[in-house]
Amino acid sequence: MIMFGRALRLTVFLDDTDTWHHRPMFTEIVHRAHAAGLAGASVFRGVEGFGATQVVHTTRLLSMADDLPVAVVIIDAEERIRAFLPQLDDLLIEGLAVLDEVEVVHHRGRQTNQQEER
């Protein structure tokens, strides 16, 4: 899929220990985005952060290395992202989800072997 121009970026912030049916919540979000046919999703681990609880979690203190921040970032056309939002409601996420308008200036996936041979 090649995409360019105006799009929406969905970023979901949560803890790396959040789960959905015994698997990481970020994994569930990525797999749902894939099943929905979205352009792509990436998970980024944070080294330090805090949220609604106001408790700072960090990798610098071994005893506080739990509940580190994770951000799941998904970018696609506005209508596709908005259609995906109810999937997040089903997950009952304890975290923050934000939408940003973005401009995609370059998006090209790897070519498959068949496409390279042509």
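Predicted model: local features only at pLDDT ≥ 70, side-chain atom pairs only at ≥ 80, totals over all residues.

Trainee: How many helices and strands does the protein have?
Mentor: The secondary structure comes to three helices and eight strands, where helices (H or I, at least four residues) and strands (E, at least two) are DSSP runs numbered from the N terminus. Read from the N terminus on, the elements run β-β-β-α-β-β-β-β-α-β-α.

Trainee: And what share of the residues is buried?
Mentor: Buried residues make up 27% of the 118 residues; buried means under 20% relative accessible area, exposed means over 50%, and partly exposed is in between, with a 1.4 Å probe and protein chains only.

Trainee: Let's go to α2, then. What length should that helix have, and what does the model give?
Mentor: Helix α2 covers residues 78-91, and at 1.5 Å a residue its 14 residues should span 20 Å, which agrees with the 21 Å between its end C-alpha atoms. The expected span here is 1.5 Å times one less than the number of residues.

Trainee: Which of its residues are buried?
Mentor: In α2, the buried residues are Ile81, Phe84, Leu88 and Leu91. An α-helix has 3.6 residues a turn, so residues three or four places apart point the same way.

Trainee: What covers those buried residues of α2?
Mentor: The cover includes strands β1 (5-15), β2 (19-20), β7 (69-76) and β8 (96-104), together with helix α1 (25-35). If you follow Leu88 and leave aside its neighbours within four places in sequence, you find Leu88 in contact (heavy atoms within 4.5 Å) with Leu10, Val12, Ile29, Ile93 and Ala97.

Trainee: How many residues are in the largest nonpolar core?
Mentor: That core has 16 residues, and those with the most contacts inside it are Leu10, Val12, Leu14, Ile29, Ile74, Phe84 and Leu88. By a nonpolar core I mean a set of buried Ala, Val, Leu, Ile, Met, Phe, Trp, Tyr and Cys residues joined through side-chain atoms within 4.5 Å. At least two residues of this core come from each of β1, α1, β7 and α2.

Trainee: Switching topic: how many salt bridges are there?
Mentor: A search of the whole structure finds seven, counting a salt bridge when a side-chain nitrogen of Lys or Arg is within 4 Å of a carboxyl oxygen of Asp or Glu. One of them joins Glu101 and Arg6, whose closest N and O atoms are 2.4 Å apart. Because Glu101 lies in strand β8 and Arg6 in strand β1, this pair ties together parts that are 95 residues apart in sequence.

Trainee: Are those two buried or exposed?
Mentor: Glu101 counts as exposed, since its relative accessibility is 60%, and Arg6 counts as exposed at 67%. Asp100 and Arg9 also meet in a salt bridge, at 3.4 Å from N to O, and this pair links strand β8 with strand β1 across 91 residues. Asp100 is partly exposed at 28% relative accessibility, and Arg9 is partly exposed at 30%.

Trainee: What about Glu28, which residue does it pair with?
Mentor: Glu28 forms a salt bridge with Arg32, with the closest N and O atoms 2.7 Å apart. Glu28 and Arg32 are four residues apart in helix α1, so about one helical turn separates them.

Notes
Residues numbered from 1 in each chain as written. Heavy atoms only, no water.
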